[in-house]
Amino acid sequence: MTIERVRQKHYPKADIGRRGMALGLDFVVVWLTSSLLGSGNVGIQFAQILVFVLFWLILRVLVAYNNQGQSLGRWAFDLKVLEVKDGEVIGRIPDLQALLKRETIIGLGALLVSIALSNIRANPTAILLVFPLAIDCGTALSDAQMRQALHDRLCGTFIVSSRRGYSLDIKIKKLVDNIRQNVRR
């Protein structure tokens, strides 16, 4: 009797552009929600930050945990987050603690971007607050094998393409193609 190694199930890597669009959609939803509480004054609004953090954790942790690893943005672009152990993708969503750790890291970068956007007119150097998120997410470009961002590496997670979702990017491409064809006629 011989022991055979069971081959790992293949999970398709998520495209960097789709990951960025999913993160962007989640960010815009949370940012617009928290911006409703802004007073219009220049500076840091603590109530706005509290609402941003609260909605970020709800959307990116609780919704993803209860929705097969998909937040609103990941669902719209057919992505989901899975757990990684010893360099191999496990076919389950991360536990709540790992998701909370992951989204706290990326949420801090998103919060800094939110603060930068709120204060860019009064203080143009606020654009420097974008760098932590850019560095965190930019590490996925240097990882050709797994395409893991820094927060994914630290938390043992991996973003994969999913068959479950809305396929927003595909629907937008089809819409643009139809508009181009109609314009040419």
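Modeller: In this predicted model, the axes of helix α4 (residues 96–119) and helix α5 (residues 131–142) come within 8 Å and cross at roughly 140°, where axes are lines fitted to C-alpha atoms over the stretch in contact and angles run from 0 to 180 degrees between N-to-C directions, and helices are DSSP runs (H or I, at least four residues) numbered from the N terminus. In the contact (heavy atoms within 4.5 Å), Ile105, Ile106, Gly109, Ala110, Leu112 and Val113 of α4 meet Pro132, Leu133, Asp136 and Cys137 of α5.

Glu103 is buried at 0% relative accessibility and Arg74 is buried at 2%, with buried set at under 20% relative accessible area (1.4 Å probe, protein chains only). Glu103 and Arg74 belong to a network of salt bridges that also links Arg19, Asp26, Arg60, Arg102 and Asp152, while a search of the whole structure finds ten salt bridges.

As to conventions, residues are numbered from 1 along each chain as its sequence is written, and side-chain values use heavy atoms, without hydrogens and water. Local features need pLDDT of at least 70 and side-chain atom pairs count only at pLDDT 80 or more, whereas totals for chains, interfaces and linings use all residues.

Methods: Helix = DSSP H or I, 4+ residues; strand = E, 2+ residues; numbered from the N terminus. Salt bridge = Lys/Arg side-chain N within 4 Å of Asp/Glu carboxyl O. Buried < 20%, exposed > 50% of the residue type's maximum accessible area, 1.4 Å probe, protein only.
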